[in-house]
Amino acid sequence: MFSHHVTKEFSAYVHGELSSEESRRFAEHIISCQKCHTKFEEIKLGIKLAEQLPRLSAPDHLWEEIESLRARQAVSTTQFTPRSFLNNWKPQVAGIAAIVLLAIGLAILWHHRNRPAPPLGPSWRVARLGGTPKIGSAGIGNGGQLGVGQWLETDSTSKAEISVASIGQVQIDPNTRVRLLETQPTEHRLELARGKMSARIWAPPRLFFVDTPSAVAADLGCAYTLEVDDAGSSLLRVTFGWVALELKDRESMVPSGAACQTRPGIGPGTPYFEDASPDFRQLLTQLDFDSSLSAAQKTDALLKLLSQSRARDTLTLWHLLGRVAGSDRERVYERMAAFVPPPPGVTRDGALQLDQPMLDQWRDRLEDSWTNSNLAPKSLKAW
Ligand SMILES: [Zn+2]
């Protein structure tokens, strides 16, 4: 880990000028240092805005003025006086100045777009791990390049490994279809249409995303597997760090050791630790995705789930708090408070009304029982 702040390395990192070892250390520092993380987010935002600047064309009348300037030039050279020069040329001087400025602007844009950035180029290296993976319709030999918009597909006997710019690796299991959607210094995005992938990412949070049919997985500095079945449902299992699963305003934060399912039309379910009891997990699946349950059946399932919960399962309960209502929410609150009382400043009423700063405070307190990793995000909303 960098022992000092990494603000000086931002530019080198964003332009892919750090070695992969330096990138990894940079990312580790960003993950654990709130100060550098905040600065980095600001810089990412600035770059994104700059990328959205439109390219401007010179207005037609400027070109017409240039033509008429040329026509007049012959005349004015024969009857030149300083005064007549200024009188005749004032608007044209302004026009030329505008063109020069425009040219400088375009040159800067061009230079910016053409900066050499080898590790963050427009394609990702793909290595063959077995069988014959295909990019588009062509089988790759020992290796290939996956360009933006291209599909990488494995059949029942093939496997591949993708190098994600300089920030990580993704292993593609058999019977899997993935597509590279975007690779930019501020965002790398894959689409997993079906099958299974394992990712190991050493980037600052929220640089690497995977779109699935029922949620988006946002990397928060981590290792995980993601599986999508033919119905578009997915299962995320995190082995290191944190991953956020998102769909619209629904978000699940999944730490190491935990998993989370998603369903088309519903989005991410509630995260749970994989060592929770089978009953607990089955009840949670019911609560999250079984739309045929009556309110009474839901309450019944919830009570059973609460009675099965351990201190560590407050991960699940914390997420459930906002996903159930009325007396069900009160029951979740009581169970959580019995494990880890809310810290000073967090009131029962506030928590039941889903006051976000209060929930975040309580979450910080709960996290000790979720993970001993010091890589835990400090605040849900900030990440
Ligand atoms: Zn720092």
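This is a predicted model: local features need pLDDT of at least 70, side-chain atom pairs count only at pLDDT 80 or more; totals for chains, interfaces and linings use all residues.

Student: What makes up the chain in terms of helices and strands, and how much of the chain is buried?

Tutor: The chain has 11 helices and 16 strands. Of its 383 residues, 45% are buried.

Student: Why is threonine 314 called buried?

Tutor: Buried means under 20% relative accessible area. Threonine 314 has 0% relative accessibility, so it counts as buried. This residue lies in helix α8, residues 314–321. Leaving out residues up to four places away in sequence, threonine 314 touches Met336, Phe339, Leu366, Ser369 and Trp370.

Student: How do you know that arginine 177 and glutamate 153 form a salt bridge?

Tutor: The cut-off is 4 Å between a side-chain nitrogen of Lys or Arg and a carboxyl oxygen of Asp or Glu. In this pair the closest N and O atoms are 3.2 Å apart, so the pair qualifies as a salt bridge. Arginine 177 sits in strand β8 (residues 177–184) and glutamate 153 in strand β5 (residues 151–153), so the pair, 24 residues apart, links distant parts of the chain.

Student: Which other arginine forms a salt bridge with glutamate 153?

Tutor: Arginine 194 does, with closest N and O atoms 3.3 Å apart. With a relative accessible area of 26%, arginine 194 is partly exposed.

Student: What makes glutamate 334 and arginine 348 a salt bridge, and where are the two residues?

Tutor: Their closest N and O atoms are 2.1 Å apart, and the limit is 4 Å. Glutamate 334 belongs to helix α9 (residues 326–339) and arginine 348 to helix α10 (residues 348–352), 14 residues apart. Glutamate 334 has a relative accessible area of 40%, so it is partly exposed. Arginine 348 is partly exposed at 33%.

Student: How many salt bridges are there in the whole structure, and which residues are linked in a network?

Tutor: A search of the whole structure finds 16. Asp275, Arg310, Arg312 and Asp313 are linked in a network of salt bridges.

Student: What makes a set of residues a nonpolar core, and which residues have the most contacts inside the largest one?

Tutor: Members must be buried residues of the listed kinds, Met, Phe and Tyr among them, joined through side-chain atoms within 4.5 Å. The largest core has 84 residues, and Met197, Phe208 and Tyr224 have the most contacts inside it. Strand β11 (residues 215–228) gives the largest share of this core, nine residues. Beyond four places in sequence, tyrosine 224 is in contact with residues including Met197, Phe208, Val210, Leu236 and Val243.

Definitions and conventions. Residues are numbered from 1 along each chain as its sequence is written. Side-chain values use heavy atoms; hydrogens and water are left out. Helices (H or I, at least four residues) and strands (E, at least two) are DSSP runs, numbered from the N terminus. Buried means under 20% relative accessible area, exposed over 50%, partly exposed in between (1.4 Å probe, protein chains only). Contact means heavy atoms within 4.5 Å.
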